[in-house]
Structure formats: C-alpha cells, structure tokens
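This report describes selected features of a two-chain assembly. It begins with the contact between the chains and then turns to individual elements and residues.

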Amino acid sequence: MSIRVQTAPFDPGAELNAVHAGELGVGAVVTFTGYVRDINQDAAIEELFLEHFPGMTEKALAKIRDEALQRWPLIGAHILHRVGPLSLAEPIVFVATSSMHRSAAFAACEFIMDYLKTRAPFWKKEHTTTGSHWVDGRDSDTLAAARWEAADKETR
Amino acid sequence: MLTVQFLARYRESLQCESEQLPWQEQWQTVDDVRQFLIARSGPWTVLEDPRIMCARNQDVCSLQEPLQAGDELALFPMVTGG
C-alpha cells in the first residue's frame, strides 16, 4: 500500500514484481506507467520538470488511494510519482493495483490515474528547443475524473 | 494571520512563493481572499484564471470553502501530473 514521491528514476518491471511478491492471494495485478514523451505542443522536449507541493502531495495521493480501496476489493494499491528534472522517455508515474480477480484491479487503476491527473498537486514544465513553458491542464482529464462521480450518482 | 502559498505558474508570475496576510474579519471564503489579491491588479490578475485550484490546510477545496484565521491557503493552476 505504498505512496512514494521521489526524484530518483525507477524500474517499472521491478516495481511490478515487488507488488506481487509474497502476496499469494493476488490473482491479478494491473499497472499503469506514464513516460516523458518526445513531442508535446509541437516542440521537441529536452527535459521535463515536475514541481509538486511538498506539504500536500503524499497526503493527496493517500486520499486517492484510500478512496480506491473503499470502492473496490483490492489487495494492494501503490502509487509512485517522480518529481524534479526528468529526461526523455523516463517513467514519470507508476500505479499498481492488485486483487483476487481482474475487474477490480482494472477499474481501480484507471480511477487512481484519473483522480491523480486532476487532484494531486503536480505541475509539468517543459524545457523545449524553443523555450520553457508550463503544461496546460486538459479538460479531457477533468471529464475523465467526473465520469466516476457520475457513475456514483447512477448507482445511488 | 493567513498564510497564502502560490505554486507553479502563479509563483513565477507573482515572483512570490508565500505571503502572510493579516486576517480581515470580512473574509469568509477562499474566493474572498482571492478577490482581495486580484484587486492589487498588475501581475495579481493571474489569479482570475477560471481554472484556478486551491487547497485549505493541504486539502484540495473549492473557492467557496470557508476560511478562518490561522489557516494555510494554497492557490495553484490546474494540476498536470501523471
């Protein structure tokens, strides 16, 4: 049930193995890994900088994880997010959910990412060949997160 | 007192990371403080951003969240992690 925010790079494969190790009741592990892309907003990226709000980041991630644990019968839920300078193609974020059967792990992983994208205090700044700029938030991310709230209302 | 923190793009535009404001009795919500700051004009109009986000005592909240003296308020642009 780990929440980690770190500047150091990580190996998604090793993280996946650690999620499963010693959990003999786990029948399914679903993971999401986000990477630094080479092109964004028509300019080649040289480096990505991830700013966060140290007093709040881990608390916000734990709240998202706890909400997923309340919604689905999970065995584990793990969130790892990098901050600071990141190079091209490096992993930024890793989310893993484990459960007895696949459906809970699939849904919970997507839920955690949708909420992380709209509620966790991280901001990307791209350093490109044409200068530096903050990445704009996307309405599509807001809509993705709102989907879960709409689903809640339908089931009430 | 009220501690206000500015993050990411706002911090850069305002050239200010954090500010201690003497508490004003007429302040009731986060938006009251935001309007007080916007009224300074110049770079402070960055806080007119319709997609502004905020947190009271490290919890994400709405602009209508009630505030009280001693709170820590954070104002920040839409988040872009993941």
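## Contact between the chains

Two residues are taken to be in contact if their C-beta atoms, placed from the backbone, lie within 7 Å. On that criterion, 23 residues of chain A are in contact with 15 residues of chain B. The structure is a predicted model, and every value given here is computed from it.

On the side of chain A that touches chain B, at least two residues each are supplied by α2, β7 (91-99), α3 and β8 (122-128) of chain A. Helix α3(A) provides the largest share, with five residues. By class, this side of chain A comprises 13 nonpolar, five polar and five charged residues.

## Packing of helices α2 and α3 in chain A

Two packed helices are described by the angle between their axes and the distance between the axes. Helix α2 (residues 57-71) of chain A packs against helix α3 (residues 102-119) of chain A at an angle of about 150 degrees, and the two axes are 10 Å apart. Because angles over 145 degrees count as roughly antiparallel, α2(A) is roughly antiparallel to α3(A). The crossing of these two helices is right-handed.

On the α2(A) side, the contact is made by A:A60, A:I64, A:R65, A:A68 and A:R71. Helix α3(A) contributes A:A108, A:F111, A:I112, A:Y115, A:L116 and A:R119. The contact of α2(A) with α3(A) contains eight nonpolar and three charged residues, and no polar ones.

An α-helix has 3.6 residues a turn, so residues three or four places apart point the same way.

## Helix α3 of chain A and residue A:A108

How does the span of α3(A) compare with 1.5 Å a residue? The 18 residues of α3(A) should span 26 Å, and the end C-alpha atoms are 26 Å apart, which agrees. The buried residues of α3(A) are A:A104, A:A105, A:A108, A:C109, A:F111, A:I112, A:M113, A:D114, A:Y115, A:L116, A:K117 and A:T118.

Residue A:A108 lies in helix α3 of chain A. It counts as buried because it has 26 C-beta neighbours inside 10 Å. Neighbours within four places in sequence aside, A:A108 is in contact with A:A68, A:R71, A:W72, A:L74, A:A77 and A:T97. Between A:A108 and A:R71 the separation is 37 residues in sequence and 7.9 Å in space, C-alpha to C-alpha.

## Strand β1 of chain B

Strand β1 (residues 2-6) of chain B contains B:L2, and B:F6 is also placed in strand β1 of chain B. B:L2 counts as partly exposed, with 19 C-beta neighbours inside 10 Å, whereas B:F6 counts as buried, with 23 such neighbours.

Leaving out residues within four places in sequence, B:L2 is in contact with B:L21, B:W23, B:V33, B:L67, B:A69, B:D71 and B:L73. The C-alpha atoms of B:L2 and B:A69 are separated by 5.8 Å, although the two residues are 67 residues apart along the chain. With residues up to four places away in sequence not counted, B:F6 touches B:R11, B:L14, B:C16, B:E17 and B:L75. B:F6 and B:L75 are 69 residues apart in sequence, and their C-alpha atoms are 5.2 Å apart in space.

## Loop residues

The loop between α2 (30-38) and β3 (53-56) of chain B holds B:R51. Is B:R51 buried or exposed? B:R51 is exposed, because 10 other C-beta atoms lie within 10 Å and a residue with 12 or fewer counts as exposed. Apart from residues up to four places away in sequence, B:R51 touches A:G137 as well as B:P77 and B:M78. B:R51 and B:L7 are 44 residues apart in sequence and 14 Å apart in space, C-alpha to C-alpha.

Most residues other than glycine have a negative phi. A:A89, in the loop between β6 (84-86) and β7 of chain A, has a positive phi near 75 degrees. A:A89 is exposed, with 9 other C-beta atoms within 10 Å. In chain B, the loop between α2 and β3 includes B:S41, for which phi is positive and near 60 degrees. B:S41 counts as exposed, with 7 C-beta neighbours inside 10 Å.

Notes:
Residues numbered from 1 in each chain as written. Chains lettered and ligands numbered in written order. Predicted model: local features only at pLDDT ≥ 70, side-chain atom pairs only at ≥ 80, totals over all residues. Axes fitted to C-alpha atoms, helices over the stretch in contact; angles between N-to-C directions. Helix = DSSP H or I, 4+ residues; strand = E, 2+ residues; numbered from the N terminus. Parallel < 35°, antiparallel > 145°, perpendicular 65-115°, else oblique. Left-handed = near helix turned anticlockwise from the far one by under 90°. Nonpolar A, V, L, I, M, F, W, Y, C, P; charged D, E, K, R; others polar. Expected span 1.5 Å × (residues − 1). Buried ≥ 20, exposed ≤ 12 C-beta atoms within 10 Å, placed from the backbone.
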